[in-house]
Amino acid sequence: GCGTGRPAYQEGATLFMTYHVQFPGLGLEFTLDRVAFTVFGMPIYWYGILIATGLALAIVFAFSHARRFGIDSDRMVDVQCAAAIVDWHTGELVAVIGGRAFYVATAPFEYASFAEMLDIRLGGVAIYGAVIAAFLSGYFACRWRKVPILPMFDLAGMGFLLGQGIGRWGNFVNQEAFGTNTTLPWGMYSEGTCNYLSSVQETLAAQGVAVDPSLPVHPTFLYESIWCLLGFFLLWAYMKRRKFHGELILMYVMWYGAERFFVEGLRTDSLMVGSFRISQVIAAVSVIAALCIWLALRKKYKDKPLTVTYTALVKEDGRQVPYEFSWLSGETPPTDAEMKAEIERRRAARAAEETAQAEEKAPETEESGGASGVREQREAEADTQAAPEEEQAAPVQEAAADAAEKDGSDAEPKE
């Protein structure tokens, strides 16, 4: 027999708190305890510690490179917290929910209770469900916080690779996500592999897969971990030479999809739809689609350098004033001190321009006021000249009236 242990949630397989892991071809043996330590009697699993490690590394990387992608780090944190843009291996909530829901919906067995469906400590999170949930929620979170979507996805793609590279070692501690028998030197054997393969003999036979539980198997978790970490460093090296926003996330899809397609063919725990492995179908479609889009966009932006734009929001007079900074993707972005100095320079230039405009308007006002004064002066002079003439005309008019009256009296007949 393979050993004894408490029942797991996978078709009667047995999980152990401690595994004796062997690599016969390499002459290596390990004793793995799934529990790292306890807190007030509650076990803290290595699986969770590895998830937290992936989360920490992804956050450190994102913070240190956010500005290179034109992303404000504070708003980026809001996106990560609200939308879980990083992969499930880094421990984000929405991605965990999506990955767990995908796994439960497609699992080839029934859970004993709803509580078991929610318990992810023993594994059972589908990567594609996590990725889909992360990208959908991330898109809306970016719109909400006004974070550039494609640059954010580029940064997230690198976070996916880093998180998966670390998180897959949780599968090693749990002795899960392994493959079929192999004679390669790094073939792995433990009570976990033996018990699980013994419990799924009929299922694998129906898929045309024959395995001997007593023989070493492919450590597929190790293949994926190495592939993802290698991809992370390759994208990191290529990062400054990217041609368009969204190129790195397309490369992630192609890189990870190609690996997942082949490694999934070795797995013994694949989620199936009929005779097709779900992960292989999704991987193949994703790689082809991403490759077509990448080739088209590479041709479009072949001779165009990529410009990164960063918007700094500065509070002035009770409102947020945007200041934009741009540089080529291969250049070093400005530091906080350089941005602050540039913002002060722009403020001073704006103040000088406003002063100059005010001074230009001042002479026009004076000229307008001077012309009005001349008109008033001329009208006053005209009134002054008209007044004596009226005064001179008045006695003449009075004398004429007296004469007319006198003539009238003389013309009356005498009695």
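Which residues form a nonpolar patch on the surface? They are L26, L28, F30, L184 and W186, with about 430 Å² of accessible area together. What you're looking at is a predicted model, where local features need pLDDT of at least 70, side-chain atom pairs count only at pLDDT 80 or more, and totals for chains, interfaces and linings use all residues. Residues are numbered from 1 along each chain as its sequence is written, and side-chain values use heavy atoms, with hydrogens and water left out.

A patch here takes residues with over 30% relative accessible area and no salt bridge, joining like charges within 9 Å and nonpolar side chains (Val, Leu, Ile, Met, Phe, Trp, Tyr) within 5 Å. A salt bridge would be a side-chain nitrogen of Lys or Arg within 4 Å of a carboxyl oxygen of Asp or Glu. Areas come from the Shrake-Rupley method with a 1.4 Å probe, and for residues only the protein chains shown count as cover.

Helices are DSSP runs (H or I, at least four residues), numbered from the N terminus. L184 counts as partly exposed because its relative accessibility is 36%; buried means under 20%, exposed over 50%, and partly exposed in between.

Q175 sits in the loop between α6 and α7, and its phi is near 55 degrees, a positive value in a residue other than glycine. A177 also has its place in that loop, with a positive phi near 60 degrees. Most residues other than glycine have a negative phi. Q175 is buried at 4% relative accessibility, and A177 is buried at 6%.

Now head for helix α1 (residues 46–65). Its buried residues are Y47, L50, I51, G54, A58, F61, A62 and H65. They cover an arc of only 105 degrees around the axis, so they sit on the same side of α1; the arc is taken from the directions from the helix axis to the C-beta atoms.

F61 leads on to the aromatic rings. A search of the whole structure finds 16 aromatic pairs. Rings of Phe, Tyr and Trp (its six-membered ring) pair if their centres lie within 6.5 Å; planes under 30 degrees apart are stacked, over 60 edge-to-face, the rest tilted. The rings of F61 and W236 are edge-to-face, because their centres are 6.0 Å apart and their planes at 85 degrees. This pair links distant parts of the chain, with F61 in α1 and W236 in helix α9 (residues 220–238), 175 residues apart. Ring pairs also join F61, F232, F233 and W236 into a cluster.

Technical notes: Buried means under 20% relative accessible area, exposed over 50%, partly exposed in between (1.4 Å probe, protein chains only). Helices (H or I, at least four residues) and strands (E, at least two) are DSSP runs, numbered from the N terminus.
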